[in-house]
Every structure is written in C-alpha cells, then in structure tokens.
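Biologist: Please walk me through this one. I will ask as we go.

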Amino acid sequence: MSSIIQLLPDHVANQIAAGEVVQRPASVVKELLENAVDARATDIKLIIKDAGKSLVQVIDNGLGMSVTDARLCFERHATSKIRQAEDLFSLHTKGFRGEALASIAAIAHVEMKTKQDQQELGTHLVIEGSKFVSQEVAVLPKGTSFAVKNLFYNIPARRNFLKSDIVEFRHVVDEFQRVALAHPQIHFTFYHNGSEMYNLPPSNSRQRIVNFFAGKTNEKLVPIQEATEIVTIDGFVGKPEFAKKGRGEQFFFVNDRFIKSGYLHHAVMAAYDGILKEGAQPSYFIYLTVPPNTIDINIHPTKTEIKFDDEQALYAILRASIKHSLGQFNVAPVLDFDR
Ligand code: ADP
Ligand code: MG
C-alpha cells in the first residue's frame, strides 16, 4: 500500500482559507478597517476603485509595524492580539485569528507601507499571491497603509462571481457603516473612484448616526440606557410612528463589534408589541457592553455571530429597557386610521 497524504504548501492553504474570510471586496474593507481600529488609529481613510474590485486601500495613523512584523503579518496564524487560548475570553480587539492578511495576500496584489512612531524609517513591502516581491526601507508617516489590488486575480471563478459595481459598492458601504458606527470617536473618510463619499469627524454615537442617516433622524430616535452586571445598554431606538414596512436601519454592536442576532431582534420587536402598525419595523442602533468572558466570538471566521452565556437574561433586560424608554418618552400607541 502506498501512502497518498501530503501537507499542502502554505500558499495553497492560504488560498483555501481565503475562501472563508474573503467573499468580496467588502470583506477586505472590513478586515483592513478592523486592523486599523485595533492599531488604535484616530484617523482612518478608506479609498476604493470600481467598488473595490480594482483597489481597496486603508490608510491609518495607528501603531504601525516593525520591519520584522511587516513581513510576519502575512503569515497564517500570525497575530499580535492573542498569545494563548485563554486570551479569547478577555478580548479587546476585533481581530485574533491572524488569518485575514495571509488570506488577502494569497488572492490579490498587496502593497503595504508601515512605520512605528518611534522609528526613523518605515517599511514598503509588496506581496502578490503569497509571494514577497519586494521589501524596502522608506520615508513614511506614522501608521500603516494597505493597498489591495486586483482581488481574486488568480481565482477567475471567484472574480467572475462578483456582482455589479452597484451591488459590490453597497456591500462596501455596509461594512464601512458598521465599523464607523461602532467607533464614532474615530475620524473616517471614504473615497470611491476619486470622489469623497463620507467625511465623518470624531463625535458621539448620536451624531455619527445622524451623519449617516440624514433627514430627521435626530427627532426620530429615543435614547436607551441600562446598566446591570450582565450588560450595559446604550444607543437609540426609533419612535414607533416612524417605523416602516420592511427592515429599517437595524444595528446591534457588542463590545464595539457589529453583530447579527435574530434572537435579540426578537427582544426589540417584543418591546414594541402593540404599538407598531402591522408589518412595520423600527430602526435601532443598540450598543451592548458585556464582560468579554461571557461571550464567544469564535463561531465563524467573519465574527458577525456570537454566543452569549446568558442569552435569556440579555433578552429580558433589553426588552424591558426599550419598553421603559418608549414609555418615558410618551410614545403613544399608533392610531391606525386605515381600519
Ligand atoms: P488579526 O487581526 O486577527 O491579528 P490579521 O491577519 O488581520 O490578523 O493581522 C495580523 C497582524 O498584523 C495583527 O495582529 C497586527 O499585529 C498586524 N497588523 C495588521 N494590520 C495592522 C495595522 N493597520 N496597523 C498595525 N498593525 C497591523
Ligand atoms: Mg485582523
């Protein structure tokens, strides 16, 4: 009997892993923005071309990387954010898997410039399809710039699978919005094909929400607030009279990370029980802060789903808090004149 099992070379393993982390240009946007936030940047620029298909660039003024780290960051399972498995239960960063950059570099042309504050000179590095092309010393500002070009250039099937620029652009805006809403104190700018899409000065969450969803958003929102041992709740929910058919703008953030939760959405809807027109859905922007050891984020590579230790308590507290706020602001039942 001959043996037939072989270990895959790194660049092949990276390309396979990339399939999970990187679905479309918006996935690159998410990973790069989150890395910039983790690097404690106060100013983050997002520049894309052709809805991100030809270029996704993120420039930050964060911590930067040393010469050695500038190379190491592209290795799989290379991370500065955790050291041991236990650290997963005290996470204060967006990243921890050490997978994103290795994956992105496997399926695109990447140019990186980085410099730490205390260094005289920085590093300018090019990597394409997991292969280092060049690494030079360069005069650079503090921080890091990643330019990701020609995504999926070596996986034609994936490239062909991308949707129209309009659709891909929408996905990019969604990811940008999620990160920018989670971090209102950071200055974000966003350019598409040379035009400025957003310029969001440092502010608070209410102002950031209003910046995104112009119009009368400010008058349409009711603040919510609650502090218990299990969870601290902040944010805003829409007044019921502004609820519309179909989904409104609905956001949950847990420890500054956007998440999706059908269960918590249900808790919100339960708080509105009896005061919404049939089929109408309120907008909400809900920021939950929980002890990091009471959640598990490591369910899926994109980390948009998480597991809570005490989901039922969270549900009850959230529902009660929203009910209380809606009552406090004299939100009367909607009279439905159509009937
Ligand atoms: P993760 O974020 O899970 O650690 P990544 O592949 O996204 O994995 O990044 C690998 C490492 O590269 C990070 O842990 C960090 O040390 C470094 N890094 C990535 N982006 C930046 C950045 N914008 N500024 C400084 N360091 C960065
Ligand atoms: Mg990361």
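Modeller: A definition to begin with: axes are lines fitted to C-alpha atoms, for helices over the stretch in contact, and angles run from 0 to 180 degrees between N-to-C directions. Helices (H or I, at least four residues) and strands (E, at least two) are DSSP runs, numbered from the N terminus. This is a predicted model, in which local features need pLDDT of at least 70 and side-chain atom pairs count only at pLDDT 80 or more, while totals for chains, interfaces and linings use all residues. Residues are numbered from 1 along each chain as its sequence is written, and chains are lettered from A and ligands numbered from 1 in the order in which they are written.

Biologist: Then at what angle do the axes of H9 and H10 cross?

Modeller: At roughly 35°, with the axes of helix H9 (residues 262-271) and helix H10 (residues 311-328) coming within 8 Å.

Biologist: Is the crossing of H9 and H10 left-handed or right-handed?

Modeller: Right-handed. That word applies if the near helix is turned clockwise from the far one by less than a right angle, and left-handed if anticlockwise.

Biologist: Which residues of H9 and H10 make the contact?

Modeller: H9 puts in Tyr263, Leu264, Ala267, Val268, Ala270 and Ala271, and H10 puts in Glu311, Tyr315, Leu318, Arg319, Ile322, Lys323 and Leu326. Contact means that the C-beta atoms, placed from the backbone, lie within 7 Å. By class, the contact has 10 nonpolar, no polar and three charged residues. Ala, Val, Leu, Ile, Met, Phe, Trp, Tyr, Cys and Pro count as nonpolar, Asp, Glu, Lys and Arg as charged, and the others, Gly among them, as polar.

Biologist: Step back a bit. How is the chain divided into domains?

Modeller: Domain 1 covers 10-200 and domain 2 covers 214-328, with bounds from an automatic or database domain assignment. Their C-alpha centres lie 29 Å apart.

Biologist: Now the sheets. What is the strand order in the open sheet of eight strands?

Modeller: S5-S4-S3-S6-S2-S1-S7-S8, with mixed pairing. Two strands pair if DSSP finds at least two bridges between them. At the edges are strand S5 (131-138) and strand S8 (195-200), each pairing on one side only. The twist averages 10° from one strand to the next. H6 packs on this sheet and touches strand S1 (43-49), strand S7 (187-192) and S8, its direction making about 175° with that of S7.

Biologist: How many bridges join S4 to S5?

Modeller: Seven, with strand S4 (residues 122-128) and S5 running antiparallel. Val126 has Ser134 of S5 as its bridge partner, and Glu128 has Lys131. The S4-S5 hairpin has two residues between the strands, and Gly129 in the turn has a positive phi of about 55°.

Biologist: And how many residues lie between S3 and S4 in their hairpin?

Modeller: Six. Strand S3 (residues 109-115) pairs with S4 in the antiparallel sense over six bridges, and Thr114 is partnered with Thr123 of S4.

Biologist: Next sheet: which strands form the open sheet of five?

Modeller: The order is S9-S10-S15-S12-S13, again with mixed pairing. Strand S9 (221-227) and S13 are the edge strands, and the twist averages 20° from one strand to the next. H10 packs on this sheet, touching S9 and strand S10 (232-238), with its direction at about 135° to that of S9. H6 lies across S12, S13 and S15, running at about 130° to S13.

Biologist: In which sense do S12 and S15 pair, parallel or antiparallel?

Modeller: Parallel, over five bridges between strand S12 (residues 250-254) and strand S15 (residues 284-289). Phe251 is bridged to Phe285 of S15, while Phe253 stands opposite Tyr287. On the other pairing, S12 runs antiparallel to strand S13 (residues 257-259), joined by three bridges. Val254 is the bridge partner of Arg257 in S13. Two residues separate S12 and S13 in their hairpin, where Asn255 takes a positive phi near 50°.

Biologist: Last topic. Which residues come nearest to ligand 1?

Modeller: Asn35, Cys73, Thr79, Ser80 and Gly95, of the 22 residues around ligand 1. A residue is near if its C-beta atom, placed from the backbone, lies within 6 Å. Helix H2 (25-38) and helix H4 (100-106) each supply at least two residues of that shell, and H2 gives the most, with three. The shell divides into nine nonpolar, eight polar and five charged residues.

How values were computed:
Two residues are in contact if their C-beta atoms, placed from the backbone, lie within 7 Å.
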